[in-house]
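Please consult the sequence and the structure shown below while reading.

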Amino acid sequence: MSNFTDFIGGGGSASQINEVVSLNATADTVTLEDGRVYLRGGLYETDASVYPNAATPIGYTGTSFSVASQDTNPHGITWDGTHFWVVGVTNDSVYKYTSAGVYTGTSFSVASQDGSPRGITWDGTHFWVVGNINRGVYQYTSAGVYTGNNLAVGSQANGPEDVVWDGAYFWVLDNTTDSVYKYNASSVYQNVSFYVGAQAFTPMGITWDGTDFWVLDRNADAVFKYNASGVYQNITFNVKIQDPNPSGIAWDGTNFWMVGYSADAVYKYKPLVGVFADSSFGAHNYVRVA
């Protein structure tokens, strides 16, 4: 095993616990002659408390639920802390599901405000639904009653697709300019925006995890991570295997939920703790665990 020791520099002091190094190896674990032990990148579900430098990619959990019986063109999803609410374009309505994905029988129409609803968010008190025809974001009570309040976003967003509330501001995702625009609770544009077109050529959905934004793109069939300032974080995960036409995304505080309109279903993704794999130059990332 001396070749591995030479690769990272010899003695035991060359690396510390949790340091990630590159080894020209493929084994799940590598033990050097001096006793150092390394875990190969790509091995997920490790313990973050044991490996604090481990990366956190996102993976499909195998859990999904169908919304086809309610609408065959679902385009948006949000989580209110207890239930999921899915926007359907075919019937211009919003449908309520339990945390297990069971339709509750409750829905409300948004057709009178816009005949092409696209996205939805929950601000803790009200729902806000994006309309693509009239280019507005409309406010509804928890019972689905339109309040008469709305965000007029057409001056910035020519093709609004989704909206998310971060606890203080609304952020509207625009499919035409591939940008995200910031509005205060009084519907006033804050002259702040960020561009996602370098990653997302056809952005369809946006969600906020309490720290960062995640933008869903239909062209790449992937989700891209941006910090609170709108800077891409070079982290993404793919959703194409589940649905090649992803249209909406939500964060429930622990997991991501993506809705797609090819299969008319919602899919669950969760963070997987592990070490990123990197096969550049025939080597892989390893993290020292002992």
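**An exposed loop serine**

Ser-112 is found in the loop that lies between β8 (103-109) and β9 (117-122); strands are DSSP runs of E, at least two residues long, numbered from the N terminus. This is a predicted model, in which local features need pLDDT of at least 70 and side-chain atom pairs count only at pLDDT 80 or more, while totals for chains, interfaces and linings use all residues. Residues are numbered from 1 along each chain as its sequence is written, and side-chain values use heavy atoms, with hydrogens and water left out.

- Ser-112 has a relative accessible area of 72% and is therefore exposed (exposed is over 50%, buried under 20%, partly exposed in between, with a 1.4 Å probe and protein chains only).
- From C-alpha to C-alpha, Ser-112 and Tyr-146 are 9.3 Å apart in space, and they are 34 residues apart in sequence.

**A buried strand serine**

- Ser-179 belongs to strand β15 (residues 179-183).
- Ser-179 counts as buried because its relative accessibility is 8%.
- Beyond its neighbours within four places in sequence, Ser-179 is in contact (heavy atoms within 4.5 Å) with Val-172, Leu-173, Asp-174, Phe-194, Tyr-195 and Val-196.

**A four-stranded sheet**

- An open sheet has four strands in the order β17-β18-β19-β20, with antiparallel pairing (two strands pair if DSSP finds at least two bridges between them).
- β17 (203-208) and β20 (232-238) each have a single partner strand, so one side of each is left without a neighbour in the sheet.
- Antiparallel strands β17 and β18 (residues 213-217) are joined by five bridges.
- Trp-208 stands opposite Phe-213 in β18.
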